[in-house]
Amino acid sequence: MAIACDEGVYHVAREILLDKRDESANIVLCIGSLHMIKVALGCIGKYINGSGAETILVEKVFGKKVVNAVIAL
């Protein structure tokens with residue numbers, strides 16, 4: 001059985017599944033697509049931090065708080 005969950009629940013559920021491997025052999029945990037995208041954007045944000053790309057996004061596309069929240073600056 002595949003179970004999709006958000007990032008916070010995934011970490012807790014993964015610990016439970018690791019502790020009870022025999023009982024949870026048929027369970028597969030997946031992080032939901034929204035949260036996978038959020039993690040990927042956070043990684044990109046850490047990589048481009050200080051490059052000026054965030055300035056372009058703020059001036060042309062989004063507000064400063066949105067950019068900081070999405071790419072985790």
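A nonpolar core is a set of buried Ala, Val, Leu, Ile, Met, Phe, Trp, Tyr and Cys residues joined through side-chain atoms within 4.5 Å. Buried means under 20% relative accessible area, exposed over 50%, and partly exposed in between (1.4 Å probe, protein chains only).

**Entry 1: ground rules.** I am reading a predicted model, where local features need pLDDT of at least 70, side-chain atom pairs count only at pLDDT 80 or more, and totals for chains, interfaces and linings use all residues. I number residues from 1 along each chain as its sequence is written, and side-chain values use heavy atoms, leaving out hydrogens and water.

**Entry 2: confidence.** I looked up pLDDT, the predictor's confidence in each residue, from 0 to 100. The protein chain averages 78, and 92% of the residues score at least 70. Helices here are DSSP runs of H or I, at least four residues, numbered from the N terminus.

**Entry 3: the core.** I found that the largest nonpolar core has 5 residues: Cys5, Tyr10, Ala13, Leu17 and Leu29. H1 supplies the largest share of this core, 3 residues. I then checked contacts (heavy atoms within 4.5 Å). Leaving aside residues up to four places away in sequence, Cys5 touches Tyr10, Leu29, Cys30, Ile31 and Gly32.

**Entry 4: helix H2.** Which residues of H2 are buried? I noted Gly42, Gly45 and Ile48. They lie on the same side of H2, because they cover an arc of only 135 degrees around the axis, taken from the directions from the helix axis to the C-beta atoms. The face turned away from the buried side of H2 carries the exposed Ser33, Lys46 and Tyr47. Just after H2, I saw Gly50 with a positive phi of about 90 degrees.

Terms used
Helices (H or I, at least four residues) and strands (E, at least two) are DSSP runs, numbered from the N terminus.
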